Amino acid sequence: MGPYANRRHHFWGTEGMAEAGAHLTSVVVNEQPSIFEVLAQESLMEAVRPALRHAVKVLAESNPSHFGFIWKCFDELYLLLDVLLQNHFLSQCSASFSENFYGLKRVSGGRSLPAHLGLHKSSHWRSLLLLCLVPYLQAKLQVMLARQREEEDFSIRLPQTRKQRLYRAVVAAYPYVSSAWQSWIFCQQLLFVFGVSRTHSPLLRLANVRLARLTTHDLRDSQQKIRCRPRPADGRLMQRAWWLMSRAAQGVAVSLSTSLSLGVFFLQFLEWWYSSENQSTVKTITSLPAPPPPLHLQEDVQPTADEKNCPLCRKHRANSTVLSTSGFVFCYCCIYTYVKANHCCPLTGFPTELQHLIKIYESES
């Protein structure tokens, strides 16, 4: 009976250890998200910006006097909203908006998961800076690069100062820096797929965080954090004002997150519809035959002297150029200088860029 009991005790002890090891292994394996989850959450925020930009552009073109300033300051307004949104989710859910949407969280550097949901203060501010500022600077650099290419296409060479030459050199080097950055991201993703690295992005390494899946315990912590937020005493005016501002910012962030969660699929559809790769398909679907001109315009009417003058310089047009956004015709030099400085039509106020200039080749007779 003694040896049998010992063997039985040894059997059950080994089985219990095997069950505990299997449980720990499953927790470790399921803790790290797959490459498909992390790429999906990245593509979500990449789809939001161009869709919102197109919506603001449509509003600005339909009513320039009321919505034109939104289009001109779109990048700065989007940065402000992005900071409010990401700071709310980093504070409450330890994740960005898109990461929380896909059930992920950020964990501060270390091998083990923390007992409670939350980031270190340094990791929080690093994450907020990299989530909001890097896309903003990247968008600005892309606009500068597109503007430089347009100026080169129009073959206008003006005298340049040393600062302007340095600016052109930095913008010209941006494509090579961007290619190197994308190569680094690709290598990091390969290391993540093969289990060599615990992060899929260099930005996560810079923020000293990694991604993990949310658990039911994390969800309870997030709800408890929202319910138990202390309210300042009535006597402390500054603390009460700061608390009211934080509550207002939280309300804006919650409203933004709710609207984005409801409209995320619609925004992705808009991104697909207006993507450059899909423009040929869109034109085929939406293009209609041009209607014939009115009867009173089909007669051979000679233009008057006023119709041949430029609306800007009031002189006879030289190198006639039409704006595709409004249909008015100007001197090429006049309208190029005006659009480059103001980015709108001088007569209608419609948002206009240099690519909207179309030169008209008229017969000398």
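Me: How many bridges join strand β3 to β4?
Reply: β3 takes in residues 320-323 and runs antiparallel to β4 (strands, E, at least two residues, and helices, H or I, at least four, are DSSP runs numbered from the N terminus). The model is predicted, so to speak of local features pLDDT must be at least 70, and side-chain atom pairs count only at pLDDT 80 or more, while totals for chains, interfaces and linings use all residues. Residues are numbered from 1 along each chain as its sequence is written, and side-chain values use heavy atoms, with hydrogens and water left out. As for the bridges joining β3 to β4, there are 3.

Me: Which residue of β4 is the bridge partner of Ser-320?
Reply: Strands count as paired if DSSP finds at least two bridges between them. In β4, the bridge partner of Ser-320 is Cys-331.

Me: What is the strand order of the open sheet?
Reply: The sheet has 3 strands, with antiparallel pairing. β4 (329-331) and β5 (357-359) are its edge strands, each pairing on one side only. That gives the order β4-β3-β5.

Me: At what angle does α12 run to β4?
Reply: Helix α12, residues 332-342, lies across β3, β4 and β5. Angles run from 0 to 180 degrees between N-to-C directions, and axes are lines fitted to C-alpha atoms, for helices over the stretch in contact. Relative to β4, α12 runs at about 95°.

Me: Within what arc do the buried residues of α12 fall?
Reply: The buried ones are Tyr-332, Ile-335, Tyr-336 and Val-339 (buried is under 20% relative accessible area, exposed over 50%, partly exposed in between, with a 1.4 Å probe and protein chains only). Seen down the helix axis, they line one face of α12, because the arc, taken from the directions from the axis to the C-beta atoms, is 105°.

Me: Which exposed residues sit on the face of α12 turned away from its buried side?
Reply: Just after α12, by the way, His-343 takes a positive phi of about 60°. On that face turned away from the buried side, the exposed residues are Cys-333 and Ala-341.

Me: How many charged residues does the contact of α3 with α4 have?
Reply: The axes of α3 (64-72) and α4 (74-93) come within 5 Å and cross at roughly 70°. Contact (heavy atoms within 4.5 Å) is made by Ile-70, Trp-71 and Lys-72 of α3 and Phe-74, Glu-76 and Leu-77 of α4. By class (Ala, Val, Leu, Ile, Met, Phe, Trp, Tyr, Cys and Pro are nonpolar, Asp, Glu, Lys and Arg charged, the others, Gly among them, polar), there are 4 nonpolar, no polar, and the charged ones number 2.
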